[in-house]
Amino acid sequence: MPEPLEPFEPLESYGEEGRAIASTGAGGAADLGTQEAETLEKNLENGPDTGPGAGADKKPRSLWSDAWHDLRRNPIFIISALVILFLVIISIWPQLIASGDPLDCDLSKAQEGSQPGHPFGFNGQGCDVYTRTVYGARTSVTVGVLATLGVALFGGVLGGLAGFFGGTWDGILSRLTDVFFAIPVVLGGLVLLSVVTSTTVWPVIGFMVLLGWPQISRIARGSVITAKQNDYVQAARALGASNSRMMLRHITPNAVAPVIVVATIALGTYISLEATLSYLGVGLKPPTVSWGIDISSASPYIRNAPHMLLWPAGALAITVLAFIMLGDAVRDALDPKLR
């Protein structure tokens, strides 16, 4: 004969220890500490959306929102972004901080040092070094930005298509990039730009795009090959998604981050390359105002008038450093392995 069941007593009769017993989903009981039981009771009272990890601040972030969250707290990114913002502003509106004309020269003041209203002195032709340094930012930033955009678009599209379709197209592009990688950049500039007589920035930008796209192409190709092997791409293919839809909707958003990182770092390199080519006399030509031209014209007078060289060279160094620091910060934010 079965034993009679003991009468039921509420948990409150056991005091604090009784309240620390919570029923589990399996029908049994779990012994919890007093603090854990109180936390469980509070969560049940407040509802399921107020527990840990819930709320607007706890929503899962995408790669881009997570990267922006890290960048806003990175002092290197903040400093470099402020410097670049200042350079962009004075490139668009140099009159904000320089009221003179960079082509207005007075030979009677040639190689003179700092004077009231002319803090950087004068160059060998009597032009105000401060004004030319400010206006030189426009040329350098324009060349760097346009060359970077051209390289990223041209190389990214070619590399992405090669990585997605593979086969003969991939083989041809790989051999073509090997040919361009074998051409020294400075030597190629001396050969190609020496026959150009234009004084605009477009020949220099075209040369940079011509020799700069293979690097971006290799990065884009490898990134697309990695992205198209993911499960969500295979699932989209199995559901009948077209190649264009898979490329634009699923692969490109997840493969573009390495291209952006390399392009951001390369932007500073293109600015320094423009100055190098202008220094050698095959890049930009007068009357265009450029830091490379000013450095080239000031180099023979470095002993007698070092200010002619130091100010444009210093502006060039700060600009290149700012873009490289920005690229490093973006790389750290977009690469999960570096977190």
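Trainee: Does Ile318 count as buried or exposed?

Mentor: This is a predicted model, in which local features need pLDDT of at least 70, side-chain atom pairs count only at pLDDT 80 or more, and totals for chains, interfaces and linings use all residues. Residues are numbered from 1 along each chain as its sequence is written, and side-chain values use heavy atoms, without hydrogens and water. With a 1.4 Å probe and protein chains only, buried means under 20% relative accessible area, exposed over 50% and partly exposed in between. Ile318 has 51% relative accessibility, so Ile318 counts as exposed.

Trainee: Which helix holds Ile318?

Mentor: Helices here are DSSP runs of H or I with at least four residues, numbered from the N terminus. The run covering residues 307–334 includes Ile318, and that is helix α12.

Trainee: How many aromatic pairs are there?

Mentor: Rings of Phe, Tyr and Trp (its six-membered ring) pair if their centres lie within 6.5 Å; planes under 30 degrees apart are stacked, over 60 edge-to-face, the rest tilted. By this rule, the count is six.

Trainee: What is the angle between the planes of Phe120 and Tyr130?

Mentor: Their rings form an edge-to-face pair, 5.2 Å centre to centre. Both residues are buried. The angle between the planes is 80°.

Trainee: Why is the pair of Phe180 and Trp213 edge-to-face?

Mentor: Phe180 sits in helix α6 and Trp213 in helix α8, 33 residues apart. Phe180 is buried at 17% relative accessible area, and Trp213 is buried at 3%. The ring centres are 5.4 Å apart, and the pair is edge-to-face because the planes lie at 65°.

Methods:
Helix = DSSP H or I, 4+ residues; strand = E, 2+ residues; numbered from the N terminus.
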